[in-house]
Amino acid sequence: MADEKDWVDRAPEGDIEAFRFLVERYEARIYRLVARMLGPEHEAMDDVVQDAFVKAYFSLNKFRGESSFGTWITRIAVNRAHDEIKKQRRVSSLDELSLDKLEQYLATAAASEASGAESAAEIGQFVRRAVAALPERFRVVITLKDLEGLSYEEVSKILNRSVGTVKSRHARAREKLRGLLGPRIFRLVRR
């Protein structure tokens, strides 16, 4: 079986099977990333993922191989998701909307907790909503570093930011998440 570099080399030559291999290899990762950046119920999520792969296909001849294809397609997806977020901000502030949704969820969760009902799915949903409530520059770093498991260097390449900037944003994002999650998580752990 060919390695990824062979597939990347063959795809710009019109080998549809090679590009299909690359899409299948990274589609789930890109879908998770976009869902975490935009929110899992975002109406344009499928379009953003599809646009990222279409852009990658038409830009394969520009791929220089300085990073892995996975890093490159992730950067394209992050940029496309960022464009969608900017588009949404023109309509309404996504961060305010996310914070409002988080506050609504916290009220619902408090009522649920009072009745003793708390499932792993509810906790996961709470964490996802807390991440979605972060400002985009923090949300993308948390998503790439903690949820996708990428190194600081990989995140730096994807975002085209220095490693120092990535580390700083990561620390600030975690601090904000601790503020949102801290009291709730401590109550759950003590049960």
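Modeller: A helix here is a DSSP run of H or I with at least four residues, and helices are numbered from the N terminus. This is a predicted model.

Biologist: What separates Phe69 and Trp72 in helix 4?

Modeller: Phe69 and Trp72 are three residues apart in helix 4, so about one helical turn lies between them. An α-helix has 3.6 residues a turn, so residues three or four places apart point the same way.

Biologist: Why is the ring pair of Phe69 and Trp72 called tilted?

Modeller: The ring centres of Phe69 and Trp72 are 5.6 Å apart, and the limit for a pair is 6.5 Å. Their planes stand at 50°. Stacked needs under 30 degrees and edge-to-face needs over 60, so 50° leaves the label tilted. Both residues are buried.

Biologist: What makes Phe63 and Phe69 an edge-to-face pair?

Modeller: The planes of Phe63 and Phe69 are 80° apart, and edge-to-face means over 60 degrees. The centres are 6.0 Å apart, which is within 6.5 Å, so the rings count as a pair. The structure has seven aromatic pairs by this rule. Ring pairs also link Tyr26, Phe63, Phe69 and Trp72 into a cluster.

Biologist: How do you know whether Phe63 is buried or exposed?

Modeller: The relative accessibility of Phe63 is 17%. Buried means under 20%, so Phe63 is buried. Phe69, at 2%, is buried by that rule too.

Biologist: Is Glu4 buried or exposed, and how do you know?

Modeller: Glu4 has a relative accessible area of 16%, which is under 20%, so Glu4 is buried. Glu4 lies in helix 1, residues 4-10. Beyond its neighbours within four places in sequence, Glu4 is in contact with residues including Phe69 and Arg25.

Biologist: What makes the link between the side chains of Glu4 and Arg25 a polar contact?

Modeller: The distance is 3.2 Å, and the limit is 3.5 Å between N or O atoms.

Biologist: Why is the pair of Glu148 and Arg32 called a salt bridge?

Modeller: The closest N and O atoms of Glu148 and Arg32 are 3.0 Å apart, and the limit is 4 Å, so the pair qualifies. The pair links distant parts of the chain, 116 residues apart: Glu148 is in the loop between helix 7 and helix 8, and Arg32 is in helix 2. Arg32, Arg36 and Glu148 are linked in a network of salt bridges. Side chains of opposite charge can pair when their charged atoms come close.

Biologist: What does the salt bridge of Arg80 and Asp51 tie together?

Modeller: The side chains of Arg80 and Asp51 meet at 3.0 Å, N to O. Arg80 lies in helix 4 and Asp51 in helix 3, so the pair ties together parts that are 29 residues apart in sequence.

Biologist: What is the label for Glu66 and Arg64, buried or exposed?

Modeller: Glu66 has 62% relative accessibility and Arg64 has 66%. Exposed means over 50%, so both residues are exposed. Their side chains meet in a salt bridge at 3.1 Å.

Biologist: How do you know where the buried residues of helix 8 lie around its axis?

Modeller: In helix 8, Val155, Ser156, Ile158 and Leu159 are buried. They cover an arc of only 165° around the axis, which puts them on the same side of helix 8.

Note on methods:
Residues numbered from 1 in each chain as written. Predicted model: local features only at pLDDT ≥ 70, side-chain atom pairs only at ≥ 80, totals over all residues. Heavy atoms only, no water. Helix = DSSP H or I, 4+ residues; strand = E, 2+ residues; numbered from the N terminus. Buried < 20%, exposed > 50% of the residue type's maximum accessible area, 1.4 Å probe, protein only. Polar contact = N/O pair within 3.5 Å; in protein donor to acceptor, adjacent residues only side chain to side chain. Contact = heavy atoms within 4.5 Å. Arc of directions from axis to C-beta.
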